[in-house]
Amino acid sequence: MSHQAQPQEASEPETPHLAPKLNWSSQGTTPYEDYVQADVLTHLQHTLSDDPGEMVFLVTTQVMELWFTVIVHEWETAAKALREDRVPVAVAALKRSVRELEALNASWKPLGQLTPAQFNSYRSALGEGSGFQSAMYRRMEFLLGEKSSSMLVPHRGAPRVHAELEKALHEPSLYDEVLRLLARRGHAIPSSVVDRDVSLRYDPSPEVETVWADLYSGDEDAELARLGEALTDVAELVWRWRNDHLVATRRAMGSKTGTGGSAGVAWLEKRARKNVFPELWTARSHV
């Protein structure tokens, strides 16, 4: 009796094909390494103490810096789109930044339950270092409208960084671009807001609050209402970031003076009480 031929299953390799191709880097690296620069990233950790917890602190802080960089990119993309009246592009960038802010905030998990003894075991390695000295975090704050020329002072010794921050200080914030868009669309944004000195911290305006209240009283699916909600999502996660920072610091060091001579918890408490894009919050009481 003849046997019916059985179809052969396509053989699958047990491992990916790892042999280098002729057109790969002459340096012997892989295309993945050339693109991601993983070897650079994984050799940036130079601990200064013998405590094993310092590596966690250092890597987590470096990860935060990378998220700061991505979020600044998204907000600058959104600001540019708003200048060009491309609201959907701006909203898309803001929504991406929401997911990135969630990942940034999750970075507190490895540090959020440090005891004072654990933190003290490598705190001296920081010396005069402080997160307030982060140039990329400062650019984030400037984009949120938290402008202050004094925050450029720690970076005077780094000309490129100082120049980038000075440029960001004198550029409209993300919220400035939003309010200018509202004015162009015929909403009653005062000229004192539109033409303000953008190098100064933004102060809330009753007229801006009224505009947002009117927008929220209308069609919830309208383009500008959806923009307002995307901004509110960002603002909420920034507030959560500040509060998580406050709680982690309070848990690790109490009310002692912060690294770099900052006021520590007292300063963070003050920051945590401030709302980003303030009229988006206060307008809700009038809808």
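Ala, Val, Leu, Ile, Met, Phe, Trp, Tyr, Cys and Pro are counted here as nonpolar, Asp, Glu, Lys and Arg as charged, and the others, Gly among them, as polar. By that scheme, the lining of the second largest pocket has five nonpolar, one polar and nine charged residues. The model is predicted, so that local features need pLDDT of at least 70 and side-chain atom pairs count only at pLDDT 80 or more, while totals for chains, interfaces and linings use all residues. Residues are numbered from 1 along each chain as its sequence is written, and side-chain values use heavy atoms, with hydrogens and water left out.

**Second largest pocket**
- This pocket, an open set of points on a 1 Å grid over the protein atoms alone where a 1.4 Å probe fits, with protein on both sides within 12 Å along at least five of seven lines, is lined by 15 residues, of which E76, L143, K167, A168 and E171 lie nearest its centre; lining residues have an atom within 4 Å of a point.
- Two or more lining residues come from each of α3 (53-83), α6 (135-143) and α7 (159-169), and α3 gives the most, with four residues; helices are DSSP runs (H or I, at least four residues) numbered from the N terminus.

**Positive phi angles**
- Most residues other than glycine have a negative phi.
- F277, although not a glycine, has a positive phi of about 55°; F277 lies in the loop between α12 (265-272) and α13 (279-282), and counts as buried because its relative accessible area is 1%, buried meaning under 20%, exposed over 50% and partly exposed in between, with a 1.4 Å probe and protein chains only.
- Q37 likewise is not a glycine and has a positive phi of about 60°; Q37 is found in the loop between α1 (31-36) and α2 (38-41), and is partly exposed because its relative accessibility is 36%.

**Annotated site**
- The unreviewed UniProt entry lists R123 and T259 under "binding site", in the numbering used here, with feature names shortened and annotations that may be inferred rather than shown by experiment.
- R123 is placed in helix α5 (residues 116-123) and counts as buried because its relative accessibility is 18%.
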